[in-house]
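I wanted a quick look at this entry before going further. My notes follow.

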Amino acid sequence: MADAAPGEIVIKPFDQFIVKPLFGGTEVHWYTITNVTLWMALAVLCVVGLFVLGSRGRAIVPSRSQSIGELFYGFIYKMVEDIAGHDGVKYFPYIFTVFLFIFFANFLGLLPMSFTTTSHIAVTAVLGFGVFIIVTVIGFVKNGAGFLGLFWPSEAPMALRPIIAVIEVISYFVRPVSHSIRLAGNITAGHAMIKVFAGFAAIAAVAPLSVVAIAAVYGLEVLVAGIQAYVFTILTCIYLKDALHPAH
Amino acid sequence: MEGNIAQLGQFIGAGLGAIGSGLAAIGVGNVAANYLSGALRNPSAAASQTATLFIGLAFAEALGIFSFLVALLLMFAV
(Lines give C-alpha, C1' and ligand atoms only; values in the text may rest on other atoms or scores of the structure.)
Protein backbone atom coordinates (compact mmCIF):
# COMPACT_ATOMS: atom_id res chain seq x y z
CA MET A 1 0.00 0.00 0.00
CA ALA A 2 1.45 3.35 -1.05
CA ASP A 3 1.54 6.21 1.40
CA ALA A 4 -1.33 8.60 0.99
CA ALA A 5 -0.88 12.05 -0.47
CA PRO A 6 -2.23 14.93 1.65
CA GLY A 7 -6.00 15.27 1.40
CA GLU A 8 -6.43 11.63 0.37
CA ILE A 9 -8.48 9.30 2.52
CA VAL A 10 -6.54 6.51 4.16
CA ILE A 11 -8.50 3.43 5.13
CA LYS A 12 -6.48 0.88 7.01
CA PRO A 13 -9.04 -1.67 8.15
CA PHE A 14 -6.44 -4.21 9.24
CA ASP A 15 -4.34 -2.09 11.56
CA GLN A 16 -6.64 -3.08 14.41
CA PHE A 17 -5.44 -6.68 14.20
CA ILE A 18 -1.72 -5.95 14.63
CA VAL A 19 -0.18 -7.84 17.53
CA LYS A 20 1.89 -5.48 19.68
CA PRO A 21 3.92 -6.19 22.80
CA LEU A 22 2.37 -4.38 25.74
CA PHE A 23 5.54 -3.37 27.55
CA GLY A 24 7.67 -1.79 24.85
CA GLY A 25 9.87 -3.36 22.23
CA THR A 26 8.81 -4.66 18.86
CA GLU A 27 9.90 -8.29 18.91
CA VAL A 28 7.30 -10.89 19.78
CA HIS A 29 8.58 -14.05 21.41
CA TRP A 30 6.43 -16.87 22.67
CA TYR A 31 6.60 -15.45 26.22
CA THR A 32 6.04 -11.79 25.24
CA ILE A 33 2.94 -10.28 26.79
CA THR A 34 1.05 -8.76 23.89
CA ASN A 35 -2.37 -7.23 23.45
CA VAL A 36 -3.62 -10.70 22.42
CA THR A 37 -2.48 -12.09 25.75
CA LEU A 38 -4.15 -9.25 27.61
CA TRP A 39 -7.53 -9.65 25.96
CA MET A 40 -7.51 -13.42 26.20
CA ALA A 41 -6.74 -13.08 29.88
CA LEU A 42 -9.61 -10.62 30.22
CA ALA A 43 -11.95 -13.10 28.52
CA VAL A 44 -10.88 -15.77 31.00
CA LEU A 45 -11.33 -13.31 33.87
CA CYS A 46 -14.87 -12.55 32.68
CA VAL A 47 -15.73 -16.25 32.64
CA VAL A 48 -14.22 -16.74 36.08
CA GLY A 49 -15.96 -13.63 37.37
CA LEU A 50 -19.33 -14.74 36.11
CA PHE A 51 -19.14 -18.37 37.15
CA VAL A 52 -16.93 -18.51 40.20
CA LEU A 53 -17.77 -15.20 41.87
CA GLY A 54 -21.28 -14.84 40.43
CA SER A 55 -22.52 -18.23 41.59
CA ARG A 56 -20.56 -18.25 44.85
CA GLY A 57 -23.72 -17.78 46.90
CA ARG A 58 -25.26 -21.01 45.52
CA ALA A 59 -28.60 -19.44 46.21
CA ILE A 60 -31.86 -21.31 45.68
CA VAL A 61 -33.31 -18.09 44.36
CA PRO A 62 -30.43 -17.01 42.12
CA SER A 63 -28.93 -13.56 42.12
CA ARG A 64 -28.68 -11.67 38.86
CA SER A 65 -25.20 -12.90 37.92
CA GLN A 66 -26.01 -16.43 39.03
CA SER A 67 -29.10 -16.57 36.84
CA ILE A 68 -27.07 -15.39 33.84
CA GLY A 69 -24.65 -18.23 34.54
CA GLU A 70 -27.51 -20.71 34.92
CA LEU A 71 -28.96 -19.51 31.63
CA PHE A 72 -25.66 -20.22 29.82
CA TYR A 73 -25.27 -23.55 31.58
CA GLY A 74 -28.75 -24.75 30.75
CA PHE A 75 -28.48 -23.61 27.15
CA ILE A 76 -25.23 -25.44 26.41
CA TYR A 77 -26.19 -28.47 28.50
CA LYS A 78 -29.36 -28.91 26.47
CA MET A 79 -27.41 -28.48 23.23
CA VAL A 80 -24.89 -31.16 24.18
CA GLU A 81 -27.61 -33.54 25.33
CA ASP A 82 -29.76 -33.01 22.23
CA ILE A 83 -26.97 -33.42 19.71
CA ALA A 84 -24.30 -35.64 21.23
CA GLY A 85 -26.70 -37.76 23.30
CA HIS A 86 -26.49 -38.90 26.90
CA ASP A 87 -22.97 -40.28 26.66
CA GLY A 88 -21.83 -36.93 25.29
CA VAL A 89 -22.75 -35.17 28.52
CA LYS A 90 -19.46 -36.44 29.99
CA TYR A 91 -17.64 -33.97 27.74
CA PHE A 92 -19.95 -31.08 28.58
CA PRO A 93 -17.35 -29.19 30.70
CA TYR A 94 -14.94 -28.97 27.76
CA ILE A 95 -17.60 -27.81 25.33
CA PHE A 96 -18.94 -25.31 27.83
CA THR A 97 -15.44 -23.91 28.39
CA VAL A 98 -14.83 -23.53 24.67
CA PHE A 99 -18.18 -21.79 24.23
CA LEU A 100 -17.65 -19.35 27.07
CA PHE A 101 -14.14 -18.45 25.98
CA ILE A 102 -15.19 -17.73 22.41
CA PHE A 103 -18.34 -15.93 23.52
CA PHE A 104 -16.52 -13.58 25.87
CA ALA A 105 -13.56 -13.09 23.50
CA ASN A 106 -16.00 -12.10 20.74
CA PHE A 107 -17.93 -9.69 22.91
CA LEU A 108 -14.86 -8.11 24.51
CA GLY A 109 -13.58 -7.55 20.99
CA LEU A 110 -16.67 -5.48 20.25
CA LEU A 111 -15.70 -2.88 22.86
CA PRO A 112 -14.25 0.20 21.17
CA MET A 113 -10.41 0.31 21.22
CA SER A 114 -10.24 -3.31 22.35
CA PHE A 115 -8.52 -6.16 20.58
CA THR A 116 -10.43 -9.08 19.10
CA THR A 117 -8.45 -12.20 19.89
CA THR A 118 -10.75 -14.51 17.95
CA SER A 119 -9.96 -12.61 14.73
CA HIS A 120 -6.56 -14.30 14.70
CA ILE A 121 -6.41 -17.68 13.04
CA ALA A 122 -3.57 -18.52 15.44
CA VAL A 123 -6.08 -18.36 18.31
CA THR A 124 -9.00 -20.06 16.60
CA ALA A 125 -6.79 -22.74 15.05
CA VAL A 126 -5.67 -23.84 18.50
CA LEU A 127 -9.33 -24.15 19.49
CA GLY A 128 -10.30 -25.84 16.22
CA PHE A 129 -7.42 -28.31 16.14
CA GLY A 130 -7.86 -28.93 19.86
CA VAL A 131 -11.45 -30.01 19.20
CA PHE A 132 -10.32 -32.09 16.22
CA ILE A 133 -7.61 -33.95 18.15
CA ILE A 134 -9.76 -34.52 21.22
CA VAL A 135 -12.69 -35.78 19.16
CA THR A 136 -10.47 -38.12 17.13
CA VAL A 137 -8.87 -39.53 20.29
CA ILE A 138 -12.31 -40.01 21.89
CA GLY A 139 -13.49 -41.77 18.75
CA PHE A 140 -10.62 -44.25 18.73
CA VAL A 141 -10.71 -44.83 22.49
CA LYS A 142 -14.48 -45.41 22.53
CA ASN A 143 -14.85 -47.45 19.35
CA GLY A 144 -11.39 -48.77 18.55
CA ALA A 145 -11.01 -49.56 14.87
CA GLY A 146 -14.79 -49.28 14.56
CA PHE A 147 -14.27 -45.53 14.42
CA LEU A 148 -13.07 -45.99 10.84
CA GLY A 149 -16.65 -47.01 10.02
CA LEU A 150 -17.27 -43.28 9.92
CA PHE A 151 -15.50 -43.29 6.56
CA TRP A 152 -17.09 -46.50 5.25
CA PRO A 153 -20.84 -45.98 4.74
CA SER A 154 -22.40 -49.42 5.06
CA GLU A 155 -25.66 -48.55 3.35
CA ALA A 156 -24.11 -47.21 0.14
CA PRO A 157 -23.74 -49.49 -2.92
CA MET A 158 -20.45 -51.41 -2.91
CA ALA A 159 -19.16 -49.75 -6.08
CA LEU A 160 -19.61 -46.27 -4.62
CA ARG A 161 -18.07 -46.96 -1.22
CA PRO A 162 -14.38 -46.32 -2.05
CA ILE A 163 -15.26 -43.00 -3.68
CA ILE A 164 -17.41 -41.95 -0.73
CA ALA A 165 -14.67 -43.08 1.64
CA VAL A 166 -12.14 -40.78 -0.06
CA ILE A 167 -14.57 -37.86 0.11
CA GLU A 168 -15.34 -38.60 3.75
CA VAL A 169 -11.65 -38.72 4.67
CA ILE A 170 -10.99 -35.40 2.95
CA SER A 171 -13.99 -33.76 4.56
CA TYR A 172 -12.90 -35.11 7.95
CA PHE A 173 -9.47 -33.52 7.67
CA VAL A 174 -10.85 -30.23 6.35
CA ARG A 175 -13.02 -29.95 9.47
CA PRO A 176 -10.49 -28.29 11.80
CA VAL A 177 -9.49 -25.84 9.06
CA SER A 178 -13.03 -24.76 8.26
CA HIS A 179 -13.93 -24.85 11.94
CA SER A 180 -11.25 -22.31 12.84
CA ILE A 181 -11.31 -20.18 9.70
CA ARG A 182 -15.08 -19.76 9.95
CA LEU A 183 -14.79 -18.06 13.32
CA ALA A 184 -11.72 -15.97 12.49
CA GLY A 185 -13.02 -15.02 9.07
CA ASN A 186 -16.42 -13.90 10.29
CA ILE A 187 -14.98 -11.78 13.08
CA THR A 188 -12.21 -10.31 10.89
CA ALA A 189 -14.65 -9.46 8.10
CA GLY A 190 -17.05 -7.69 10.43
CA HIS A 191 -14.44 -5.66 12.26
CA ALA A 192 -12.71 -4.68 9.01
CA MET A 193 -16.08 -3.58 7.62
CA ILE A 194 -16.64 -1.28 10.61
CA LYS A 195 -13.23 0.29 10.03
CA VAL A 196 -13.92 0.76 6.31
CA PHE A 197 -17.11 2.65 7.09
CA ALA A 198 -15.24 4.63 9.73
CA GLY A 199 -12.77 5.63 7.00
CA PHE A 200 -15.62 7.01 4.88
CA ALA A 201 -16.55 9.32 7.75
CA ALA A 202 -13.62 11.52 6.65
CA ILE A 203 -15.65 12.66 3.63
CA ALA A 204 -18.00 15.37 4.86
CA ALA A 205 -20.77 14.57 2.36
CA VAL A 206 -21.23 10.97 3.43
CA ALA A 207 -20.21 11.29 7.08
CA PRO A 208 -23.77 11.10 8.54
CA LEU A 209 -24.51 8.09 6.36
CA SER A 210 -21.28 6.48 7.49
CA VAL A 211 -22.21 6.92 11.15
CA VAL A 212 -25.54 5.21 10.52
CA ALA A 213 -23.75 2.44 8.63
CA ILE A 214 -21.29 1.92 11.49
CA ALA A 215 -24.18 1.62 13.95
CA ALA A 216 -25.93 -0.89 11.69
CA VAL A 217 -22.82 -2.98 11.09
CA TYR A 218 -22.05 -2.90 14.80
CA GLY A 219 -25.52 -4.26 15.52
CA LEU A 220 -24.90 -7.01 13.01
CA GLU A 221 -21.56 -7.75 14.64
CA VAL A 222 -23.18 -8.20 18.05
CA LEU A 223 -25.40 -10.81 16.41
CA VAL A 224 -22.45 -12.44 14.62
CA ALA A 225 -20.38 -12.58 17.82
CA GLY A 226 -23.11 -14.60 19.54
CA ILE A 227 -23.97 -16.76 16.54
CA GLN A 228 -20.37 -17.68 15.77
CA ALA A 229 -19.76 -18.80 19.35
CA TYR A 230 -22.97 -20.85 19.08
CA VAL A 231 -22.00 -22.31 15.71
CA PHE A 232 -18.51 -23.26 16.91
CA THR A 233 -20.04 -25.04 19.88
CA ILE A 234 -22.76 -26.79 17.94
CA LEU A 235 -20.23 -28.08 15.40
CA THR A 236 -18.08 -29.34 18.26
CA CYS A 237 -21.14 -31.23 19.49
CA ILE A 238 -21.73 -32.71 16.04
CA TYR A 239 -18.11 -33.84 15.72
CA LEU A 240 -18.38 -35.35 19.18
CA LYS A 241 -21.54 -37.19 18.15
CA ASP A 242 -19.70 -38.57 15.10
CA ALA A 243 -16.90 -39.78 17.36
CA LEU A 244 -19.27 -41.44 19.83
CA HIS A 245 -21.56 -43.03 17.25
CA PRO A 246 -19.47 -43.44 14.09
CA ALA A 247 -21.80 -45.91 12.34
CA HIS A 248 -23.66 -44.10 9.60
CA MET B 1 -1.28 5.31 -13.54
CA GLU B 2 1.48 3.51 -11.77
CA GLY B 3 2.17 0.13 -10.22
CA ASN B 4 3.17 -3.06 -11.88
CA ILE B 5 1.58 -6.04 -13.50
CA ALA B 6 1.81 -8.15 -10.33
CA GLN B 7 -0.23 -5.61 -8.40
CA LEU B 8 -2.77 -5.56 -11.22
CA GLY B 9 -3.13 -9.31 -10.97
CA GLN B 10 -3.40 -9.07 -7.19
CA PHE B 11 -6.30 -6.62 -7.35
CA ILE B 12 -8.09 -8.48 -10.13
CA GLY B 13 -7.73 -11.69 -8.14
CA ALA B 14 -9.08 -10.05 -5.00
CA GLY B 15 -12.05 -8.81 -6.98
CA LEU B 16 -12.69 -12.29 -8.33
CA GLY B 17 -12.46 -13.61 -4.78
CA ALA B 18 -15.20 -11.19 -3.78
CA ILE B 19 -17.53 -12.88 -6.30
CA GLY B 20 -17.26 -16.01 -4.19
CA SER B 21 -18.48 -14.10 -1.15
CA GLY B 22 -21.49 -12.92 -3.13
CA LEU B 23 -22.30 -16.45 -4.22
CA ALA B 24 -22.10 -17.61 -0.63
CA ALA B 25 -24.65 -14.92 0.19
CA ILE B 26 -27.02 -16.61 -2.26
CA GLY B 27 -26.41 -19.90 -0.49
CA VAL B 28 -27.06 -18.42 2.94
CA GLY B 29 -30.21 -16.77 1.62
CA ASN B 30 -31.37 -20.10 0.23
CA VAL B 31 -30.93 -21.83 3.57
CA ALA B 32 -32.79 -19.12 5.47
CA ALA B 33 -35.56 -18.85 2.88
CA ASN B 34 -36.21 -22.57 2.81
CA TYR B 35 -36.17 -22.74 6.57
CA LEU B 36 -38.67 -19.91 6.78
CA SER B 37 -41.02 -21.36 4.21
CA GLY B 38 -40.88 -24.72 5.96
CA ALA B 39 -41.36 -23.09 9.35
CA LEU B 40 -44.43 -21.17 8.20
CA ARG B 41 -46.03 -24.34 6.87
CA ASN B 42 -45.43 -26.22 10.07
CA PRO B 43 -44.64 -23.78 12.90
CA SER B 44 -44.77 -26.47 15.57
CA ALA B 45 -41.78 -28.27 14.03
CA ALA B 46 -39.79 -25.06 13.51
CA ALA B 47 -38.32 -24.69 16.98
CA SER B 48 -36.67 -28.10 16.90
CA GLN B 49 -34.91 -27.26 13.64
CA THR B 50 -33.22 -23.99 14.55
CA ALA B 51 -30.00 -25.84 15.37
CA THR B 52 -30.03 -27.41 11.92
CA LEU B 53 -30.67 -23.97 10.45
CA PHE B 54 -27.58 -22.55 12.08
CA ILE B 55 -25.45 -25.50 11.02
CA GLY B 56 -26.65 -25.05 7.44
CA LEU B 57 -25.93 -21.35 7.60
CA ALA B 58 -22.48 -22.01 9.00
CA PHE B 59 -21.58 -24.48 6.28
CA ALA B 60 -22.87 -22.26 3.50
CA GLU B 61 -21.13 -19.25 4.94
CA ALA B 62 -17.79 -20.97 5.54
CA LEU B 63 -17.14 -21.34 1.82
CA GLY B 64 -17.86 -17.68 1.26
CA ILE B 65 -15.49 -16.82 4.09
CA PHE B 66 -12.83 -18.93 2.37
CA SER B 67 -13.07 -16.83 -0.78
CA PHE B 68 -13.11 -13.67 1.30
CA LEU B 69 -9.94 -14.90 2.96
CA VAL B 70 -8.31 -15.50 -0.41
CA ALA B 71 -9.21 -11.94 -1.39
CA LEU B 72 -7.72 -10.64 1.87
CA LEU B 73 -4.52 -12.64 1.36
CA LEU B 74 -4.18 -11.26 -2.15
CA MET B 75 -4.72 -7.70 -0.98
CA PHE B 76 -2.54 -7.67 2.13
CA ALA B 77 -0.37 -10.74 2.41
CA VAL B 78 1.04 -11.36 -1.08
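The unreviewed UniProt entry annotates residues 12–74 of chain B as "domain: V-ATPase proteolipid subunit C-like".

I noted the conventions next. Residues count from 1 along each chain as its sequence is written, while chains are lettered from A and ligands numbered from 1 in the order written. The model is predicted: local features need pLDDT of at least 70, side-chain atom pairs count only at pLDDT 80 or more, and totals for chains, interfaces and linings use all residues.

I looked up the annotated span.

I then took chain B as a whole. I found 3 helices and 0 strands, in the order α-α-α from the N terminus. The radius of gyration, taken over C-alpha atoms, is 18 Å, well over the 12 Å that the globule rule (2.2 Å times the number of residues to the power 0.38) gives for 78 residues, so chain B is more spread out than a compact globule. Its C-alpha atoms fill a box of roughly 60 × 20 × 10 Å along the principal axes.

Last, I checked the interface. 14 residues of chain A are in contact (C-beta atoms, placed from the backbone, within 7 Å) with 10 residues of chain B. On the chain A side, helix 5 (161–200) and helix 6 (207–244) each give two or more residues.

Key. Two residues are in contact if their C-beta atoms, placed from the backbone, lie within 7 Å. Helices (H or I, at least four residues) and strands (E, at least two) are DSSP runs, numbered from the N terminus. UniProt positions are given in the numbering used here, feature names are shortened, and annotations may be inferred rather than shown by experiment.
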